[in-house]
Amino acid sequence: MNELKDNKLSERMNRGANTDSWFTIPELNYHYKLSEKTFYRAIKSGKLKAVKPVNKYLIHRNWILAFLMGFGKRLSLSEKKQLEQFDS
């Protein structure tokens, strides 16, 4: 069961920018092996961009990659190009 879940998450992370590119904090915790608290702190401090449409945060794939690469919330043109290269 965990292997199936891991494969599905890995597929979604590697797919690129599409409608399946939104992740919850527990999914990111499972995929990246960082604590949920780390993600909540990053959102609260403004280092990680997230939306909260109802009761849970949703984080776009590009936002999490930017956070993990140390770019922060706002990307410069050169940082966007780096992310695009990472996507392809």
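**Helix packing in a predicted chain**

User: What does the accessible surface of the chain come to, and what share of it belongs to carbon and sulfur atoms?
Analyst: In this predicted model, local features need pLDDT of at least 70 and side-chain atom pairs count only at pLDDT 80 or more, while totals for chains, interfaces and linings use all residues. Residues are numbered from 1 along each chain as its sequence is written, and side-chain values use heavy atoms, with hydrogens and water left out. By the Shrake-Rupley method with a 1.4 Å probe, the accessible surface of the chain is about 6,200 Å², and the share belonging to carbon and sulfur atoms is 51%.

User: In what order do the elements of the chain run from the N terminus?
Analyst: Helices (H or I, at least four residues) and strands (E, at least two) are DSSP runs numbered from the N terminus, and the chain has five helices and two strands. From the N terminus on, their order is α-β-α-α-β-α-α.

User: Are helix 2 and helix 3 parallel, antiparallel, perpendicular or oblique to each other?
Analyst: Helix 2 (residues 25-32) packs on helix 3 (residues 36-45) at an angle of about 125°, the axes lying 9 Å apart; axes are lines fitted to C-alpha atoms over the stretch in contact, and angles run from 0 to 180 degrees between N-to-C directions. Angles under 35 degrees count as roughly parallel, over 145 as roughly antiparallel, 65 to 115 as roughly perpendicular and the rest as oblique. The two helices are therefore oblique.

User: Which residues of helix 3 meet helix 2?
Analyst: With contact meaning heavy atoms within 4.5 Å, helix 2 contributes I25, P26, L28 and N29. Their partners in helix 3 are E36, F39, Y40 and I43.
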